[in-house]
Amino acid sequence: MSGNNQLGVLKALDVAKTQLYHFTAIIIAGMGFFTDAYDLFCIALVTKLLGRIYYHEEGAERPGTLPPEVAAAVNGVALCGTLMGQLFFGWLGDKLGRKKVYGITLIMMVICSVASGLSFGNNSKGVMTTLCFFRFWLGVGIGGDYPLSATIMSEYANKKTRGGFIAAVFAMQGFGILAGGIVALALSSIFDYQFPSPIYSVDPVASTVPQADYLWRIILMIGAIPAAMTYYWRMKMPETARYTALVARNIKLAAQDMSKVLQVDLKAEEEVAENMTTDPKLNYGLFSKKFLKRHGLPLLGTTSTWFLLDIAFYSQNLFEKDIFSAIGWIPKAARMNAIHEVYKIARAQTLISLFSTIPGYWFTVFFIDIMGRFAIQIMGFFFMTVFMFALALPYDHWIKPDNRIGFVIIFSLTFFFANFGPNVTTFVVPAEIFPARLRSTCHGISAAAGKAGAIVGAFGFLYAAQSKDKTKTDAGYPPGIGVKNSLIMLGVINFVGMLMTFLVPESKGKSLEELSGENVNDETASSKVGISRRN
């Protein structure tokens, strides 16, 4: 349909110049993603510490580590919660409205971040059980933030810079991961100075000071602060005009809300929305043949690419500390005390975030509305594939001491092109190409497929990356296929992701209604909404 058939209030949003409210929306929605990333990835900084504190074995040559089933639960339970939250809150955002549900997710994140740090008990079973319980519900809140933030930003943005605005919200993830590393660096430095202790090989018991039990708790609880700071501003945001007009069918309220936001006078006749929203051609359901015919392949594209991307992305992110240990970038555990090990792991994550993760995110922000979503996603998957194979095939070369820096550089480039590539575009596109009444739901489905991939990556990598030699595996783990073969598998997965990208339509420069087929049929409809600039 022609873009001329679009409702005037929505056209006003599409052609609006970039204004302060755009940047306000980016910050409000982006702080949620800042918190999401901090909460999801900070657990990787403290799992080694948890093993030392709660699973120490007298006389063991190496510090205690989390048993396989406990490590899988601690690392993966938040991802399981996130998957459920994406599906449930994505659906709820279409039923009740984006704004009504938006505050609930933040409240859950605040409460569960604090509760995770207050995990009860002094024995391993009690602490790990309560930690997993609260991190599951933390994940549910985080999951809800994905479809809601993406949908709200897409529905507020103009069509010229919409991709960059949605990408900027998601790019706050990079700062959240960086903040987690910096917080852990600062706190571990303070604890190491205040409570000095010998390395494990000198005194296994004294190497883990009792105060270390406070360190991991504080790191987890700090995630509540940015979420709490954002709550008030989220509640001040009006409902998006697209939801109000196209789903709630109240074009008068949509015009009033957007008049305040855009600083223009918008006058609307309510029969315009009535004609549009009662059109049976535009009111098919998620499980209808009409939806399958019009949006089935794009939904397959968004779900499959996000699923495949997250297998690779999360297996690296959650377990990069193990890769750095394998190549000697982080010393052997027995050569460090408990707190200094947190410092070393946090330093590695901070450097990777600073020099590859964050630049990749912001390259996408600046280029997505120039290059387009499709080109960036294809490029990202391609280079991720190339760099994975570049790491895997000559892996024996990279683990030699003189070649470790080269390994880290190439490993960093895979992160760069994940973020200047599919890690951002898989988030952006589902917020653009589906109808308003199903937009949050479909984004939630796509995101949940991604988290299913993350679970595969997180759980699978725990076992797959173990050495083939059973004498060299981590305590409690069976022999795996090794890091080299795991990287080859990830390279193949990235290549398949590149192929599935061909199912995803390009959305650059098009209105949301043009992409979803929601433009009104009456060519005179847009003339019924008058727009005049305020003095």
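This is a predicted model: local features need pLDDT of at least 70, side-chain atom pairs count only at pLDDT 80 or more; totals for chains, interfaces and linings use all residues.

**Salt bridges**

I started with Arg242 and Glu513, whose side chains meet in a salt bridge at 2.7 Å, N to O. Arg242 sits in helix 10 (residues 241–247) and Glu513 in helix 21 (residues 512–516), so this pair ties together parts 271 residues apart in sequence. For salt bridges I used a side-chain nitrogen of Lys or Arg within 4 Å of a carboxyl oxygen of Asp or Glu. Helices here are DSSP runs (H or I, at least four residues), numbered from the N terminus. I noted that Arg242 and Glu513 are both buried, where buried means under 20% relative accessible area, exposed means over 50%, and partly exposed is in between (1.4 Å probe, protein chains only).

Residues are numbered from 1 along each chain as its sequence is written, and side-chain values use heavy atoms, with hydrogens and water left out.

Next I looked up Glu432 and Arg162, another salt bridge, at 2.7 Å, N to O. Glu432 is in the loop between helix 18 (422–428) and helix 19 (436–464), and Arg162 is in helix 7 (residues 162–194), so the pair ties together parts that are 270 residues apart in sequence. Glu432 counts as buried, at 0% relative accessibility. Arg162 also has 0% and counts as buried.

I then checked Arg373, which makes a salt bridge with Asp369 at 3.0 Å, N to O. Arg373 counts as buried because its relative accessibility is 1%. I also found a network of salt bridges linking Asp94, Arg98, Glu155 and Arg439. My count by this rule came to eleven salt bridges.

**Around Gly93**

What does Gly93 touch, leaving out residues up to four places away in sequence? I got Arg98, Val101, Leu148, Tyr243 and Ser440, with contact taken as heavy atoms within 4.5 Å. Gly93 lies in helix 4 (residues 68–96) and is buried, with a relative accessible area of 0%. I also took the C-alpha to C-alpha distance from Gly93 to Ile152: they are 9.9 Å apart in space and 59 residues apart in sequence.

**Surface patches**

Which residues form the positive surface patch? They are Arg62, Lys332, Arg335 and Lys472. Patches take residues with over 30% relative accessible area and no salt bridge, joining like charges within 9 Å and nonpolar side chains (Val, Leu, Ile, Met, Phe, Trp, Tyr) within 5 Å. Lys and Arg count as positive and Asp and Glu as negative, with His and the chain ends not counted. I placed each charge at NZ of Lys, CZ of Arg, CG of Asp or CD of Glu. Areas are Shrake-Rupley with a 1.4 Å probe, and for residues only the protein chains shown count as cover.

Lys332 is in the loop between helix 13 (289–326) and helix 14 (338–371), and at 55% relative accessibility it counts as exposed.

I also logged a nonpolar surface patch of about 500 Å², made by Phe363, Phe366, Phe367, Ile370 and Met371. Met371 lies in helix 14 and is partly exposed, with a relative accessible area of 33%.

Definitions and conventions: Helices (H or I, at least four residues) and strands (E, at least two) are DSSP runs, numbered from the N terminus.
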